[in-house]
Amino acid sequence: MALIGGSGGFSGSLPTNYEYFTADGIRQGLNADQSFFTLNDKLIRVYSGAMHYFRVPRPYWRDRLRKIRAAGLNTVETYVPWNLHEPQSGKYDFGNGGSDFEDFLHLEEFLNTAKEEDLFVILRTGPYICSEYNFGGFPSWLLREKSIAFRTSETTYMKYVTRYFNILLTLLAAFQFTKGGPVIAFQVENEYGNQEAGDEFQPDKVYLEQLRQLFLDNGIVELLVTSDSPLSHQDKGTLPGIFLQTANFGQNVNQQFDKLEELQPGRPLMAMEYWVGFYDFWGTNHSTKADDQTRTYLKQILERNASFNAYMFLGGTNFAFNSGATFCKYLCSTRTNRASKLTCVKTRYKHYKITYQQIQKCVTKGDELHANELLDNSGFEPITTSYDYDSPLSENGGYKPKYYIFKELVTAANPIQTYLPEEPEDIVPIAYESIRIEKVIPFESMVEHNTLDLIFSKNVLSMEKLDINDGSGQSNGHIVYRKENIDLNENSVLTIEGHVCDHVLVLVNGELIAPKQLKYLSDLDGFGFWRLEGSSLILNEEPIRGATLDIIVEEMGRFNVGKFNQYNHTFKGLWQGNVTINGENIYDWTIMPLEWKTQWVNELEGWEDLSDRAQEAPTMYNSVLHISDEPQDTFVDTRGWGKGLIFVNGFALGRYVAIGPQKSLYLPGPLLKTGENQINFFEHFYSPEDGLIKFTDQLILEGVF
């Protein structure tokens, strides 16, 4: 694995970006007071590529940034996720902050590296970022507040935004272009116009003004922008004349720019998000955008002398528990004698439009079609661990044909010719030899032999309401609801009121009762998943006395985009109603959070030789990957596994699900070490019959059935 050293200066007859724009000193930042951008009083077209530092291992930042610059782009854009930088209320992590994710969070280093690689920076600091990230970048501990109105000027929400921004923006102020740093623009909020909901809600302009004042109060002097679809939301999500409005789109280039010119005549055109691909959901086929479409739309942007940010230029990975979720916009509801089955009515693009034929198909079956408000998790759609996005650079940083389309067209269109570095060599993944599973800890042993927080509660509680982590609750992982000493009559029926959030496993005396797989689309309509309302399960055929009931619930990602009234209903675990057995409410639970923190995983006790145990589920499996030389990038092949989490040296690599489309998880070399590497699978259902953990050299994507 060849890592690139510091730039140490550039050579050649052409000036670098910074030499060209700052040779005579710095007098002014990015200016948008006319129909074109200037930077330091010189014409500039902003050609940017999106790369999120928190989706790329820190040792690879320089490699990826240099590849962006080598493509002819002059700027890199990144979001800043609040949930990672303030993982517990009042506790911050900007690298070395003590969280499991700390090595990804050296924001200052990322900004310095971008400048060293001759790139300017656009920062999109939120507080809401969307980004297909867990809860749109919001910390889950905000949900502990009884009264809070997300993305508004409401007092409680703004109290926490103000506290966070006073820390974040103070740190970032020194990195502004006019202070000698790389940051040329800040985005305020994100796609805020999308919040409009007719008479129910219109974007809160007081809120936008409060955010603007926070930027000013913390010494931010660079250009402030907003981004939305001009065609869909006009100027609802901006402050006209105060912020520069930019556009988000994947097609209809000229129509979007025409509307943008109409809304703010005489100002520069910019696409803050030109979608060059799309993301994937568990249970849907892989999304792509054809290369010829990329060429066509990029040419149209450049022909308008417009600026752009390619979203994403490098997608990266939703490591650990950081993938988000969306919701199906329309649902077809079928009422049965025991539950309400909800089927997502798929639409052509991101569920924004529904066809007459789809309406008729639902209605003629005697079902009910209705808009989904996501207050009950019924239309939940979790996003995959991979965020490859069909980008010009692959998840692992490899060159794809789109990369060369950008390089060709941008280099030809840019009126300012500056020095471009050579393209760095690819860091090519390898397929390590398979390793045999050696040890296991069944779930019962894991709970028995390892320290867990125990919360005793009359009723079931959501993750966020648990009194742990210094009053910040549980953000991610699994939550266990245990009830001991239950007498179960024959054919006892367990019912979970409402919808589970998001996936449930039911065990009696340590034996998994249901579900047994998530391999086919039809499995999502059965017990154990979010679609069913009031789902029921027969626990036993014969009477059992003094039984232990465990209900294990997995959080699979909080939704990252929604309407104003939906954010307050994104709790995880069981919280929408009671749990009953044979119609009687069950009380007095022992609740155990499984947060899967790195230290806890590394210190697990109770391991047994695989050969000494019959395979049970759920179970933690372990093997050791021995590496004798420098660690290389690879992918963990998840074919043959059911559903669960992969850990590498204790770090949560990400989720895997047999339903697909993703069938391998990217394992970057920097997460490995020379010597012994502990590879663990926490598996819900079943493990490979051959007892092997396998590796591959590529992202495997398969069809969903």
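Is Ser 536 buried or exposed? The model examined here is predicted. In it, Ser 536 has a relative accessible area of 16%. Buried means under 20%, so Ser 536 is buried. The residue lies in strand E24, which spans residues 535-538. Its side chain has a partner. A polar contact of 2.9 Å links the side chain of Ser 536 to that of Thr 495.

Burial also marks helix H2, formed by residues 61-70. Of its 10 residues, 10 are buried. The helix is therefore largely enclosed by the rest of the structure. The buried residues of H2 include Arg 62, Asp 63, Arg 64, Arg 66, Lys 67 and Arg 69. Trp 61, Leu 65, Ile 68 and Ala 70 of H2 are buried as well. After H2 comes Gly 72. The phi angle of Gly 72 is positive, near 95°.

Helix pairs come next. Two packed helices are described by the angle between their axes and the distance between the axes. Helix H5 covers residues 155-173, and helix H6 covers residues 205-217. Their axes come within 10 Å and cross at roughly 25°. Angles under 35 degrees count as roughly parallel, and H5 and H6 are therefore roughly parallel to each other. Their crossing is right-handed. On the H5 side, the contact is made by Tyr 157, Met 158, Val 161, Thr 162, Phe 165, Asn 166 and Leu 169. These residues meet Tyr 207, Gln 210, Leu 211, Leu 214 and Phe 215 of H6. By class, the contact of H5 with H6 holds 9 nonpolar residues, 3 polar residues and no charged ones.

A second pair consists of helix H9 (residues 291-303) and helix H11 (residues 401-413). Here the axes lie 10 Å apart, and the packing angle is about 20°. H9 and H11 are therefore roughly parallel to each other. H9 passes H11 in a right-handed crossing. Which residues of H9 meet H11? They are Asp 291, Thr 294, Arg 295, Leu 298, Lys 299 and Leu 302. From H11, the contact draws on Pro 401, Lys 402, Ile 405, Phe 406, Glu 408, Leu 409, Val 410 and Ala 413. The contact of H9 with H11 divides into 8 nonpolar, 1 polar and 5 charged residues.

Definitions and conventions:
Residues numbered from 1 in each chain as written. Predicted model: local features only at pLDDT ≥ 70, side-chain atom pairs only at ≥ 80, totals over all residues. Heavy atoms only, no water. Axes fitted to C-alpha atoms, helices over the stretch in contact; angles between N-to-C directions. Helix = DSSP H or I, 4+ residues; strand = E, 2+ residues; numbered from the N terminus. Parallel < 35°, antiparallel > 145°, perpendicular 65-115°, else oblique. Left-handed = near helix turned anticlockwise from the far one by under 90°. Contact = heavy atoms within 4.5 Å. Nonpolar A, V, L, I, M, F, W, Y, C, P; charged D, E, K, R; others polar. Buried < 20%, exposed > 50% of the residue type's maximum accessible area, 1.4 Å probe, protein only. Polar contact = N/O pair within 3.5 Å; in protein donor to acceptor, adjacent residues only side chain to side chain.
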